[in-house]
Amino acid sequence: MDSVHLIRALTSGKVICEVIEPEWVEYLKHENNRTLVEEALEFQGADLVSSEEQDFWFAAYQDISNTEDKKRLRKDLQHIVTTAEPIMTFMGMVMRALGEDTYPDIHHSFYFGTVLSAIEGSEVLHSELVKLTSKPLFKKASTKSKLSDKLAAVVTVMMDEELVITDDAGSHYIFTGKLAYQMSVIERIMLAQAPEHFKEIKDDEQNMELF
């Protein structure tokens, strides 16, 4: 394992996900390896952060007051905000096409043919796909006439965004941890900028879970 390559990937803003880089995730689960990476990131003013399940990792700035860091973070956040709605719409469409009742998460998968068949047999899903292709993120799909081509173009964008990968040349797709990472970025920014307000939001969420 080349730790230098891993550290460079983290400092460049890459999300190290169990689905895409299982060997790197396994490397970081070992304390000695993790300490080595943490010390390298600390020297560069960043922390090593993971999900609770340690299925994805990323580097987070310790101080976002630096002008260059702030510019990069603002750009990343803007992309997350503008793409969140169409991405969640796609995930909801896949969920309904598969007959499931929870949104796909890391490691969840779908077969292209299964989703396409469900869309072809449902006016509701058909309409959802057409509306989805009107979103700027999926604008290339709007030029396609066949449903299969529209869906393929949408899935290609999802792959470009590293939100899904394929393990068999285009029929079986697996969701990565990228979306969960994006949500965690928003959470960290809210916590840094308005910790009291963020605490109130978290408290409200916990109270709602009691019902």
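Glu162 counts as partly exposed at 32% relative accessibility, a class that falls between buried (under 20% relative accessible area) and exposed (over 50%), with a 1.4 Å probe and protein chains only. The model is predicted, so local features need pLDDT of at least 70 and side-chain atom pairs count only at pLDDT 80 or more, whereas totals for chains, interfaces and linings use all residues. Residues are numbered from 1 along each chain as its sequence is written, and side-chain values use heavy atoms, with hydrogens and water left out.

**Loop residues with positive phi**

- Glu162 lies in the loop between α7 (147-160) and β5 (164-166), where helices (H or I, at least four residues) and strands (E, at least two) are DSSP runs numbered from the N terminus.
- The phi of Glu162 is near 60 degrees, a positive value in a residue other than glycine.
- Gln54, in the loop between β2 (46-50) and β3 (56-61), also has a phi near 60 degrees, and Gln54 is partly exposed with a relative accessible area of 26%.
- Most residues other than glycine have a negative phi.

**Sheet β1-β3-β2**

- Three strands form this open antiparallel sheet in the order β1-β3-β2, where two strands pair if DSSP finds at least two bridges between them.
- The edge strands are β1 (16-17) and β2, each pairing on one side only.
- β1 and β3 run antiparallel and are joined by 2 bridges, and Cys17 has Phe56 in β3 as its bridge partner.
- Helix α3 (residues 31-43) lies across β2 and β3 and runs at about 140 degrees to β2, with axes fitted to C-alpha atoms, for helices over the stretch in contact (heavy atoms within 4.5 Å), and angles taken from 0 to 180 degrees between N-to-C directions.

**Sheet β4-β6-β5**

- The order of this open antiparallel sheet of 3 strands is β4-β6-β5, with β4 (109-111) and β5 as the edge strands.
- β5 pairs with β6 (residues 172-175) in the antiparallel sense over 3 bridges, and Ile174 in β6 is the bridge partner of Ile165.
- Helix α5 (residues 112-120) packs on the sheet, touching β4 and β6, and its direction makes about 70 degrees with that of β4.
- Helix α7 lies across β4, β5 and β6, running at about 105 degrees to β5.
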